[in-house]
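Student: I would like to go through the labels used for this structure. Please set each value against its definition.

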Amino acid sequence: MVKGRLEGGQLYTPAYVARVGAMVRGAARGITVPINLSALWSTLQKLLLEMDGATGVAVEGSFFQSLFNGLVKEGEVLGSVRAGAHWTPTVFAIAQRECIDSFFSQNSFISYDALHKLGISQPVQFLQSRYPEGKHLVTVFVHPSMIEILDAATEDAVERGSWIDSLSVLPASFGSQDASKILSLCPSVQSALKANKALILGESYVFSNGFVKDVYDRVEKEVESFGLSGSSGIMPSDDSYLIKEAKVGQDTNRSSEASETSSESGHKNVLEKGSKKKRGKSGGNVKSGATESGADDTEYIPTKSKKNQKRGKDTPPSQVSDSKPGAKKDGGKLQEGNLNVPSEEWVIQKIMMLNPDFEEQGIDDPKTILRPLASYMRPMLINYLKEKRKALFTENAEKMKRLLDNLQKKLDESFLNMQLYEKALDLFEDDQSTSVIMHRHLLRATAATLVDTLFLNLDMHNKLKNGIEVQELQNSDSVSLSSTERTALAKSFPGPLSKRALAVIEALEGKQVETFMSAFKELAEESGLHLKKLDKKLERTLLHSYRKDLTSQVSAETDPVSLLAKVVSLLYVQVHNKALQAPGRAISVAVSRLKDKMDDSAYKVLTDYQTATVTLLALMSAATGDEQDCSSDRILSKREHLENLMPALKGLVLGSSQS
């Protein structure tokens, strides 16, 4: 009976319904992008209120929605409704697909981010349904033609025995994970991997096995030169490309070390504290240190390289020298239980040095390419060094045994002599200035040689123990170290031994022999070495040998200047029964102390000879420049006078000694 529409408790006339329906249809057709319908209805409600004013009716959103659903059903507006509230016009869907199709057909790939920006929330499912032949990667979707292009490029690199960065072939928007995934889809790459013809390193780099083997062989020679070589001197330790890796292969090498121990036939390691085995015999010969020496080393740093794509083995690189005159050999000190191994940075530098192709190719940072290769090669290099170290243990075991025997013999002889010379210092304790001179002379001459011998032998033993091939010391007594070299060696020793060694160096540079002897004993104890104590019997034996040796030297001496010190030392053996070691500037004091022990005529012969010697030395020191010719005659005259006094001086000690 009533013509109208009942909606939400309100009755609408057909004319009003037609009017509102026209508004809904016009608004829906004017929308070209996805929209939430509730926002559209709010806009239409405001529009109606503005049109009708105070007499207008408040229209519910459900009324607009029912009109809209009818229009969609009748085909008046084209599009799709999702979840009843989200409207996507057909014009937008068409434009969306055309945009995706255009980009994908032109580039053979499209990123998921691009689809997200176009309003597609599930890009992988959308693309797979639209392009069934395509392949989805981590961040992009690709056409099979993209895989074919990369497959051909990598196959060519592998066949030429070279390498390739797959990201250099792929578009810039591809990431390393995308590269790794697409390489897994390349048939030639997979077949090369199965046939051990290629390696994938760092997700995106494909190296042929031939190229990697060639590089590895050359780097292996370099790592052998520093890891296994050694010398009897001090190895440089400041190579910036070397690191210490604590206890590398310690567990795997235990069996090898055990067999080494048994091959020594029970000979105990001197570096193991507590070994008290006595070795060697005592003797009376004395040897003093030689001149100090040192050398400055210059380090050659290889230049960096640049470029992405490569030259194969069939294109030989330019010859590159990795050394200069005076260049430092790669080396390092080995801590106890540690093995020097190349760092990743060292391997990268060597690869760039040996393969300048990487530098010549214009890459911003060649290390981004070389780091995966270095990471792959480094474990093999470490294993190579460990195997070499094991092989050297058997060879080094015999060297270690001989080294320990010889070291113990040298210490037995040298330390007893040191104790013997120390007793003579008591004669000058009442003269502080002379006592200091005597103490310093004994430390700088005899004690320094003793320390150098011990340090060099402990350093060599440490290297041999750690599998380093070194040349045996022919005569460590002839090697004189500087203070810097001693400190470097001391710091290379393990823990407590290093601390004791540094204390010995400090005492050696001091003024008290007693302090040095105490520090040296502690070092020897820490090393497990046995030091013989000078008892009365040994003292008599050493003094007899020392006296006999000095007598022979005095008898055979032809240099008038050198004769005086030897005669004074022999007189102190005869008079005080002490083995005196006096420097030149303390001879006058030593001579004066013999006055009460000799008759006047004998003492006059000694003082006259000493005065003549001092005069001759003063003339020789002053003879310079224009006065040299004039001084030469005076020097010659004084020397002849001194030579004439030699028989009388020798008679003082040789007659008494022989009688």
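**Labels and cut-offs**

Tutor: Cysteine 186 has 0% relative accessibility and counts as buried. This is a predicted model, where local features need pLDDT of at least 70, side-chain atom pairs count only at pLDDT 80 or more, and totals for chains, interfaces and linings use all residues. Residues are numbered from 1 along each chain as its sequence is written, and side-chain values use heavy atoms, with hydrogens and water left out.

Student: Why is cysteine 186 called buried?

Tutor: Buried means under 20% relative accessible area, exposed over 50%, partly exposed in between (1.4 Å probe, protein chains only). Cysteine 186 is at 0%, so it is buried.

Student: What makes cysteine 99 partly exposed?

Tutor: Its relative accessible area is 41%. That value lies between 20% and 50%, so cysteine 99 is partly exposed.

Student: How many disulfides does a search of the whole structure find?

Tutor: The count is 0. A disulfide here is a pair of cysteine sulfur atoms within 2.5 Å.

Student: What makes a set of residues a nonpolar core?

Tutor: The members are buried Ala, Val, Leu, Ile, Met, Phe, Trp, Tyr and Cys residues joined through side-chain atoms within 4.5 Å. The largest such core has 79 residues; among those touching the most other members are Phe455 and Phe520. Helix H15, residues 432-465, gives the most to this core, with 12 residues. Helices (H or I, at least four residues) are DSSP runs, numbered from the N terminus.

Student: Which residues does phenylalanine 520 touch?

Tutor: Among them are Leu411, Phe415 and Leu531, not counting residues up to four places away in sequence. Contact means heavy atoms within 4.5 Å.

Note on methods. Helices (H or I, at least four residues) and strands (E, at least two) are DSSP runs, numbered from the N terminus.
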